[in-house]
Amino acid sequence: MSLLVVGSIAFDAIKTPFGERERALGGAAVHFSLAASYFTDVRVVGPVGDDFGEDEYAVLRRHGVATDDVEHVEGGKTFFWACEYEWNLNVRHTLDTQLNVFADFQPKLSEASKQVETLFLANIQPDLQREVREQTQAKLAGLDSMNFWIDSERESLERTISTVDIVLMNDDEVRMLTEQPTLLKAARQIMELGPGVVVVKQGEYGAALFTKDEFFAIPAYPLETVIDPTGAGDSFAGGLLGYLDSQGGATDAATLRRAMAYGSAVASYWVEEFGCERAADLTREQIDERFEAFRRMSVIESVPA
Ligand code: AMP
């Protein structure tokens, strides 16, 4: 099976109470593809500039991520984003967003990318997401978005949502999109647009899964130390979609629950280091250990007779 992701490839300036990085490799598509690479074959689509060099490609290739659809824009600069976290790491301030090569990006997929089984439309302009969706025959497609697009391109975003099977968004954004006060009503409203699965990310409180017939919730893995939450949502999505792709794109209740646990396990490692640095020595065995920990954490024994 194979999985394609389209989204930002970036350099991030990140400041947390525990340190900073001036130019960390990042972007939703990078976090997602590295995370998904633990489960399946991954291809990434997105533009980069002249400042994106061999060192950056090497990080992706070491994880087996196919980069032939990364578009190098001659004379361009890679997407740049700067953020700062408060002591409460749930509070993040965006300090700068420079679209650079993303401003004129027109996705062009190779034949190999058009034929993937699973597709993830990471957070980018909804029209671009739809253009990619329309170029593939993926059997399973997921999407993420953010407040910026809900505000500025709601109609286009709703059209794009109607073309996918799984929506993964933050709780605030799900409420903002649907103008519904409860997540259940919000999830139902999103499902009315077409997707059969809605996953609501809730930061350090975990994630919730809604389908027509099921509800499931998983906490975040209890960590003693968090260094940088950047990429937690994208690596969660990478673990979740990567696992689903490895299971032939199944979306039955049991497979979805396992996918939620795998996504949470990967994200729990991601936040232990800056950006995607933790991926450098993360192994599938470690991910499986936390998957098992989630299984143990989630069992409630019945009342003794
Ligand atoms: P997350 O922490 O999972 O929300 O994702 C953080 C990543 O999203 C960073 O690596 C950024 O480069 C990227 N990012 C931030 N803002 C945007 C945006 N407006 N469009 C696309 N990607 C973005």
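Predicted model: local features only at pLDDT ≥ 70, side-chain atom pairs only at ≥ 80, totals over all residues.
**Exercise 1.** Find how the axes of helix H1 (residues 28–36) and helix H9 (residues 232–246) are placed relative to each other, and which residues meet.

*Solution.* Start with the general idea: two packed helices are described by the angle between their axes and the distance between the axes. For H1 and H9, the axes come within 7 Å and cross at roughly 40°. Angles under 35 degrees would count as roughly parallel and 65 to 115 as roughly perpendicular, so H1 and H9 are oblique to each other. Next comes the handedness: H1 passes H9 in a right-handed crossing. Finally, look at the contact itself.

**Exercise 2.** Describe the shell around the ligand.

*Solution.* Count first: 16 residues surround the ligand, and the closest are Ser8, Ala10, Gly26, Gly233 and Asp234. Then ask which elements contribute: strand E2 (10–16) and H9 each supply at least two residues, and the largest share, three residues, comes from H9. Now classify the shell: six residues are nonpolar, eight polar and two charged.

**Exercise 3.** Work out the strand order of the nine-stranded sheet and locate its edges.

*Solution.* The sheet is open, with mixed pairing, and reads E5-E4-E1-E8-E9-E10-E11-E12-E13. Its edge strands are E5 (70–72) and E13 (215–218), each pairing on one side only. Neighbouring strands are turned by 15° against each other on average, direction ignored. As a close-up, E8 (residues 118–121) and E9 (residues 140–143) pair in the parallel sense over four bridges, with threonine 118 opposite leucine 140 in E9.

Definitions and conventions: Residues numbered from 1 in each chain as written. Axes fitted to C-alpha atoms, helices over the stretch in contact; angles between N-to-C directions. Parallel < 35°, antiparallel > 145°, perpendicular 65-115°, else oblique. Left-handed = near helix turned anticlockwise from the far one by under 90°. Contact = placed C-beta atoms within 7 Å. Near = placed C-beta within 6 Å. Nonpolar A, V, L, I, M, F, W, Y, C, P; charged D, E, K, R; others polar. Pairing = 2+ DSSP bridges.
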